[in-house]
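Visitor: Walk me through this one, please. Start wherever you like.

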Amino acid sequence: MTLYIDPPTWPGHGRLWSHLVSDVSFEELHAFAAAIGCPPRAFERDHYDVPEAHYADAVRAGAREVGSKELVRRLTAAGLRRPKGRPAPAGRPPGL
């Protein structure tokens, strides 16, 4: 199991956020996110938004810390990237 998280540098709703992704499957991502207490509503297309206050929890649970560009590179290489405005790749389940 390999999950990745970028630093909490993304502002929104008065806080800073990280992105949590898998380079294996959405099933793996959903299971890990549930295990660390991320609500399903935190899932957005191909990642979970994780507030800064829970960043350390994700790392302690096994998420590997990477920079944002590396996170996107790994997500894209795995075929799991779903940019806004594009449909999910053929043959991929929608995630949630």
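Guide: H3 supplies four residues to the lining of the largest pocket, the largest share. Before we go on: this is a predicted model, where local features need pLDDT of at least 70, side-chain atom pairs count only at pLDDT 80 or more, and totals for chains, interfaces and linings use all residues. Residues are numbered from 1 along each chain as its sequence is written, and side-chain values use heavy atoms, with hydrogens and water left out.

Visitor: What counts as a pocket here?

Guide: Work on a 1 Å grid over the protein atoms alone: a pocket is an open set of points where a 1.4 Å probe fits, with protein on both sides within 12 Å along at least five of seven lines. Lining residues have an atom within 4 Å of a point.

Visitor: How much space lies in the largest pocket?

Guide: About 460 Å³. That volume is the space filled by probe spheres set on the points, which are joined across faces, edges and corners.

Visitor: How do the lining residues divide by type?

Guide: Eight are nonpolar, six polar and eight charged. Nonpolar means Ala, Val, Leu, Ile, Met, Phe, Trp, Tyr, Cys or Pro; charged means Asp, Glu, Lys or Arg; the others, Gly among them, are polar.

Visitor: And which elements supply at least two residues each?

Guide: Strand S2 (10-12), S3, S5 and H3.

Visitor: Back up. What is the secondary structure of the chain?

Guide: Three helices and six strands. The order from the N terminus is β-β-β-α-β-β-α-β-α. Helices (H or I, at least four residues) and strands (E, at least two) are DSSP runs, numbered from the N terminus.

Visitor: Now the nonpolar core. Which residues have the most contacts inside the largest one?

Guide: Ile5, Leu20, Leu29, Tyr48 and Ala63, in a core of 22 residues. Strands S1 (3-5), S3 (15-22) and S5 (47-51) and helices H1 (26-35), H2 (55-60) and H3 (68-77) each give two or more residues. H1 gives the most, with four. A core here is a set of buried Ala, Val, Leu, Ile, Met, Phe, Trp, Tyr and Cys residues joined through side-chain atoms within 4.5 Å.

Visitor: What does Ala63 touch?

Guide: Leu3, Ile5, Leu20, Phe32 and Ala58, leaving aside residues up to four places away in sequence. Contact means heavy atoms within 4.5 Å. Ala63 lies in the loop between H2 and strand S6 (64-65).

Visitor: Buried or exposed, that Ala63?

Guide: Buried, at 4% relative accessibility. Buried means under 20% relative accessible area, exposed over 50%, partly exposed in between (1.4 Å probe, protein chains only). Of the 96 residues, 38% count as buried.

Visitor: What about Arg82: buried or exposed?

Guide: Arg82 is buried, with a relative accessible area of 5%. Arg82 sits in the segment after H3. C-alpha to C-alpha, Arg82 is 9.1 Å from His47, 35 residues away in sequence.

Visitor: And Ala77?

Guide: Ala77 lies in helix H3 and is exposed, at 66% relative accessibility. Its C-alpha atom is 7.9 Å from that of Asp23, 54 residues apart along the chain.

Visitor: Switching to backbone. Which non-glycine residues have a positive phi?

Guide: His13 is one, at about 55°. Arg45 is another, at about 60°. Most residues other than glycine have a negative phi.

Visitor: Where are they found?

Guide: His13 is in the loop between S2 and S3, and it is exposed at 79% relative accessible area. Arg45 is in the loop between strand S4 (43-44) and S5, and it counts as partly exposed at 26%.

Visitor: Last one. What does the chain average in pLDDT?

Guide: It averages 89, and 86% of the residues score at least 70. pLDDT is the predictor's confidence in each residue, from 0 to 100. Over residues 91-96 it stays under 50. The model has 17 contacts beyond four places in sequence for that stretch.
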